[in-house]
Amino acid sequence: MIYFDNSATTKVDPAVLKTYEQVSENYWGNPSSLHRFGEEADQLLIQSRRQIASQLGVQPAEILFTSGGTEGDNWVIKGTAMAKRQFGRHLITTQVEHDAVKHSMQRLEELGFEVTYLPVDEEGRVQPADLKAALRPDTILVSVMAVNNEVGTIEPLAEIAKILQDHPKVHFHVDAVQGIGKGIHDLIFNDRVDFVTFSGHKFHAPRGIGFIYARTGKKLTPLLDGGGQERGQRSGTENLPAIAAMAKAVRLLKQNESHAVALEQQLRLSLREYLQQFDKVHIFSGTGDHFAPHILCFAIEGVKGETIVHAFEEDGIYLSTTSACSSKKGLTSSTLSAMGIAPEIARGAVRISLSDQNTMAEGERFKQVFATRYEQFKTLS
């Protein structure tokens, strides 16, 4: 089996899984309980938070645990809207955000907020000048992803941050679900970013766990009220086994980052150069510093994306039709549409997404299978 769908989810690292199992077995106490078992669990929770903060170069109090990227995006966007609604009701995002951001914005529009959706260029990048022009006195939030989950575009966060230096009261949120461990740490954690969203299952941690970075002094209204966990910001008994496992995954990720990025870049470039040889192949993920090392999106003219996915599955190679969240709905990629790709081409888009667990040998096997499948696909197109 060759698994090229890591942007959808990654395989849990064996060492991370071992941590999950050990904590489940030995630390079953509720961290809020006063007895010894509760205190031991609370100390492990504190230790996990410190470990994540240390690896990312932030303060432990700035790490807040969630159930994953969707909750994190919803919390920052809706929490900002509720916390700052007396100062304004205008928010800015882009046309190529993940549905967790896009649908949160649409929900706020139903409640009377106004949202500006910035266009992107042919590479999927928002133009900082467009963002600057969209800012208004009543703007309360700018939300721009770090790495596009469909084509791998790295958005110009540094340029946006520079613009927002003159607007200190506007919250700046970055969805970095696809950006952690991809060699762009300084871009994500620049001095002007207020909130960042992460999801554990994108970097070999279990599903159902994630966290946000929330800069000290920046206020969010909680989405979940109850027992007052996470300093009253996110109530609910903490998923301690998953949190400890995620902390382990973050440490492994950061320790291995430079090696993993180099491997992913080499494999991605090799696959991209190979695909360029075929007349009916359209490649949407570019090269250079504007693109992440692990995502390669392409289409075969005249062939539906789901046909390509299932054909490669027969050969034990697992791809995705762009975003996993919309693949089963049969939706055309919103990112490709925003990039100006014709619908008949965009409908055939598929995504290869890599991790540090992939190998160059797997890339060579993919090329062999592709050559055979391409000849079969030509009869369909």
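**Reading packing and pairing from the model**

Visitor: Which residues does Val142 touch, not counting those up to four places away in sequence?

Guide: In this predicted model, Val142 touches Ile92, Leu131, Leu135, Ile160, Leu164, Val170, His171, Phe172 and His173, once residues up to four places away in sequence are set aside. Touching here rests on heavy atoms lying within 4.5 Å.

Visitor: Which residues have the most contacts inside the largest nonpolar core?

Guide: That core has 67 residues, and Val142 is one of those with the most contacts inside it, alongside Ile52, Leu131, Phe172, Phe203, Phe211 and Met246. The element that gives the most to this core is helix 8, residues 240-255, which supplies 10 residues.

Visitor: Why are helix 3 and helix 4 called roughly parallel?

Guide: The axes of helix 3 (residues 69-84) and helix 4 (residues 99-110) cross at roughly 30 degrees and come within 9 Å. Angles under 35 degrees count as roughly parallel, and the two helices are therefore placed in that class. Their crossing is right-handed, and the residues that meet there include Asp73, Ile77 and Ala81 of helix 3 and Val101, Ser104 and Leu108 of helix 4.

Visitor: What makes helix 1 and helix 8 roughly antiparallel?

Guide: Helix 1 (residues 14-26) packs against helix 8 at an angle of about 150 degrees, their axes being 8 Å apart. The class of roughly antiparallel begins over 145 degrees, so the pair of helix 1 and helix 8 belongs to it. Among the residues that make the contact are Val16, Tyr20 and Val23 of helix 1, together with Ala245, Ala249 and Leu252 of helix 8. The crossing of helix 1 and helix 8 is right-handed.

Visitor: How do you know that strand 3 and strand 5 pair?

Guide: Pairing requires at least two bridges between two strands, and strand 3 (residues 90-94) and strand 5 (residues 139-143) have three, in the parallel sense. In one of these bridges, His90 has Thr139 of strand 5 as its partner.

Visitor: What makes strand 2 and strand 4 edge strands?

Guide: Strand 2 (63-66) and strand 4 (114-118) each pair on one side only, and they stand at the two ends of the order 2-8-7-6-5-3-4 in an open sheet of seven strands with mixed pairing. The twist from one strand to the next averages 20 degrees. Helix 6 (residues 157-164) lies across strand 5 and strand 6 (171-175), and runs at about 170 degrees to strand 6.

Technical notes. Residues numbered from 1 in each chain as written. Predicted model: local features only at pLDDT ≥ 70, side-chain atom pairs only at ≥ 80, totals over all residues. Heavy atoms only, no water. Core = buried A, V, L, I, M, F, W, Y, C linked by side-chain atoms within 4.5 Å. Buried < 20%, exposed > 50% of the residue type's maximum accessible area, 1.4 Å probe, protein only. Helix = DSSP H or I, 4+ residues; strand = E, 2+ residues; numbered from the N terminus. Axes fitted to C-alpha atoms, helices over the stretch in contact; angles between N-to-C directions. Parallel < 35°, antiparallel > 145°, perpendicular 65-115°, else oblique. Left-handed = near helix turned anticlockwise from the far one by under 90°.
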